[in-house]
Amino acid sequence: METSVVQPKEINHPVNLNKLGSRIFPGSTPKEDQNLLLAAAYVSDAQYNRNVPFETSPRAIRLYYFYNHWTMQVAIYFFICVDLSLALFEEPALFPLPFLATSLAEVLCLTAFFGRLVHFAKVTPQMVFWKDTKNICIMVTIVLTLIDLIIYGSLEAVNIHSVRWSRALRPVFLINFPESRQIRRTFRSIRNTLPDILYVFLLFMFSVLIFSLMALKLFGDRGLKTVEGLPYFTNILDIVFELYVLVTTANSPDVMMPAYNFNWWYCLYFITYTIINTYIFMSVFLAVVYNNYRKHLKNEIRKLAYLKRHKMIEAFNILKVKVGTEFVVTESQWRRLAKVVAPHISSPHLELLLRISDEGQKGHVDKVNFLRLADLLNIQVVTINIRRHPLEDWMPRAYRSSASLLVQRMVQHRIFVWVYDVIILINAIFIALDERNPFISYAEWLFLSLYIIEILLKLYTYEPRAYFGRRQFWNWFDTLIIIAALVATVANTTIQSARKYNSQQILDIVLILRILRLLRIIVSIQRFRVIVTTLINIGPTILTFGGLVLVVYYVFAIIGMEAFHGKVRFSDPNFTSPDALVCGNPALKDSAFARDRYCKNNFNDLASSFIVLMELTVVNQWHVLAGGFALVTHQAAKLYFIGFHIVVVILIVNIFIAFILEAFFVAYSLEKSEVETAIEKKIQELGVGIQEEEMQDGKLVDNVDAKDSGFSGDGGDNKRKDLKGLYFRIASKKYRTVDALLQQMFESEIAPEEEGPSLDEILNFSPGDLYPKNPNFENSA
């Protein structure tokens with residue numbers, strides 16, 4: 001059984017560019033071809049939620065298709081990666097290169113960015129291009145970078161060191177090109193959250209200042225000392241910093257101990273402070289961030305839904321013809337359009353979608369069904385081509401005998417899977433026991449034999465190409481693990497004389513990996529499946545947050561390298577010289593930074609800077625890092641670390657938590673979309689449906705002859721015979737993204753015949769706008 005998944009990709013080449021200047025389909029006129037390409041561009045934009053206003057002239061459409069070509073998008077991401085990675089080779093460098101080499105590489109990247117911008121300007125109307133702040137940001141950044149390069153190069157030529165301040169602007173290219181709209185959406189969430197969170201933050205800082213003044217009056221004149229022998233709470237700025245750190249719990253209970261040791265009543269001060277600022281204010285921060293995230297996410301999804309509807313209406317108006325009293329799109333035009341938008345779609349899949357769009361077989365598609373085309377193409381439909389087992393062809397009588405059929409039914413039964421799940425659990429217990437025991441060693445051979453028998457039985461029951469299909473991850477995983485275990489076991493028994501080589505360790509690793517099959521048990525439990533499904537759904541968005549964190553880390557890393565480069569140096573741990581004990585800087589003598597041997601936590605190159613920032617994100621001991629760098633520079637350096645904590649921990653991490661909450665709410669209210677239901681209904685009507693459960697490891701479909709055919713036949717059984725092994729099913733709903741699910745919820749509230757607001761009204765939507773009233777989506781969000 002072969003399966004192929006029709007899955008849309010963002011990087012898409014909808015039509016051969018060489019055909020844009022000639023006839024796309026035989027017998028069509030140039031005007032028809034032009035209209036078809038324009039309509040296909042609108043449908044493709046609706047399919048991938050692109051919002052790029054483009055000119056509709058033939059030349060502009062040709063440039064627009066080229067702009068969206070996957071090679072162009074890969075090229076721009078390549079140059080963005082090169083531009084960002086230059087910090088690894090520039091001073092302070094992890095891999096030093098001459099300034100001439102890095103500057104030439106940066107000029108090449110800037111040229112590519114400028115070319116991409118010019119290409120975009122040729123596609124969009126001039127008024128739209130110059131009003132777009134993203135384009136202005138890119139142009140300004142290019143100019144500033146060139147100015148910085150010239151100034152820095154000129155000063156280096158006369159041996160004057162200066163600061164490469166423009167390096168902190170490099171993430172602007174990653175954020176502002178149209179391909180990075182997901183990262184921009186996240187930044188917009190932060191920007192929209194700032195006004196509301198600012199008031200909470202000011203109130204929080206006011207609380208910290210009040211408690212700081214109280215601490216100064218309570219403890220400042222007591223003559224208390226810290227563990228290091230320093231005065232305790234005598235400087236208002238130090239008190240503010242220590243109490244801010246206490247909010248993160250990084251210095252608890254150390255900061256309290258001098259006062260607590262003096263009088264145990266003083267613990268009430270710190271307990272009150274912790275309750276108010278750590279638990280109440282931090283919870284309020286999360287509540288404000290989540291409320292604003294949800295509000296602005298709804299607004300974003302509403303824009304996407306109406307923009308998609310607007311583009312599909314534009315495509316329909318281009319291709320429509322009047323039949324009787326209504327406007328429709330002919331079947332031939334619909335087929336051509338679908339082939340241009342999705343050139344790799346199979347003929348049976350295309351026929352299936354046409355049957356859904358033209359339910360009455362009238363030879364045309366009405367407006368309501370046409371508007372669903374982008375959604376139809378977005379639904380992952382798995383085409384299943386079922387083949388007979390080779391043994392059935394080679395020895396049909398033996399393979400179809402009663403004993404053979406009994407073995408096949410036994411392997412297909414759910415109990416067979418349960419038995420091997422129990423074996424895996426027992427194997428996990430044996431792995432935890434002493435491997436030097438001969439009984440345990442022999443038992444590993446027994447388990448390995450049982451696993452090999454399992455695979456052989458499954459290969460006997462299921463057609464091999466079906467068992468090792470592209471989506472049969474666990475089958476591949478089990479087979480590779482067993483092969484690796486077999487090779488390692490044989491190697492262990494044949495290389496006993498090589499004492500320095502312990503192949504048993506490799507065998508242990510392989511056998512431990514075998515325990516990962518326990519994940520299949522987790523997925524089989526309904527309650528656990530919701531969690532696993534949510535984790536899979538949030539995967540693509542986690543990458544978006546990863547891009548956001550990369551941008552913030554990169555900017556702070558560049559600033560940190562310019563401010564703290566060379567201030568802290570790492571020496572071999574075995575060195576006991578005075579210079580090594582103070583991390584190469586006498587200012588760190590007797591400091592917690594030097595005592596804890598944090599010398600490798602420095603900003604001497606990009607990689608080290610990222611590691612320090614990761615440690616700051618975890619917040620444990622971050623005040624020690626901040627104090628160390630403040631000692632080697634100035635106390636004002638602590639503002640750098642406080643600013644990083646506010647941006648990353650308070651803002652970005654809370655937005656990520658808000659997203660996780662939203663993802664779980666959506667997962668628990670998951671339902672099929674109207675389009676998916678229509679596809680599944682038509683698949684079952686045609687008699688070519690296979691349920692998802694039948695595709696699981698223990699329930700692969702029966703093996704039948706496989707030859708492609710068209711849709712024909714009357715009854716359900718006849719249809720199956722006519723199709724001769726070609727079946728369809730909706731791909732697993734576990735792999736739908738959260739954004740897609742939210743957009744599906746909102747679109748379900750829009751009436752199929754509703755035209756929606758104008759384009760200007762859509763672009764000017766605000767979170768406070770009540771149009772359209774949408775109680776269901778509000779409850780879901």
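Biologist: Where is Pro 92?

Modeller: Pro 92 sits in the loop between α3 and α4 (99-123). Helices here are DSSP runs (H or I, at least four residues), numbered from the N terminus. This is a predicted model, where local features need pLDDT of at least 70, side-chain atom pairs count only at pLDDT 80 or more, and totals for chains, interfaces and linings use all residues. Residues are numbered from 1 along each chain as its sequence is written, and side-chain values use heavy atoms, with hydrogens and water left out.

Biologist: Which kind of peptide bond joins Glu 91 and Pro 92, cis or trans?

Modeller: Most peptide bonds are trans. The one between Glu 91 and Pro 92 is cis, with omega about -5 degrees. Ser 252 to Pro 253 is also cis, with omega near 0 degrees. Pro 253 lies in the loop between α9 (236-247) and α10 (257-262).

Biologist: What is phi of Asn 159?

Modeller: Most residues other than glycine have a negative phi. Phi of Asn 159 is positive, near 60 degrees. Asn 159 is in the loop between α6 (133-157) and α7 (171-176).

Biologist: Is Asn 159 buried or exposed?

Modeller: Buried means under 20% relative accessible area, exposed over 50%, and partly exposed in between (1.4 Å probe, protein chains only). Asn 159 is exposed, at 72%. Val 619 is buried, at 14%. Phi of Val 619 is positive too, near 75 degrees.

Biologist: Which residues of α3 are buried?

Modeller: Gln 73, Ile 76, Phe 79, Ile 80, Asp 83 and Leu 84. They lie on the same side of α3, because they cover an arc of only 135 degrees around the axis. The arc is that of the directions from the helix axis to the C-beta atoms. Exposed Phe 78 and Cys 81 are on the face turned away from that buried side.

Technical notes: Helices (H or I, at least four residues) and strands (E, at least two) are DSSP runs, numbered from the N terminus.
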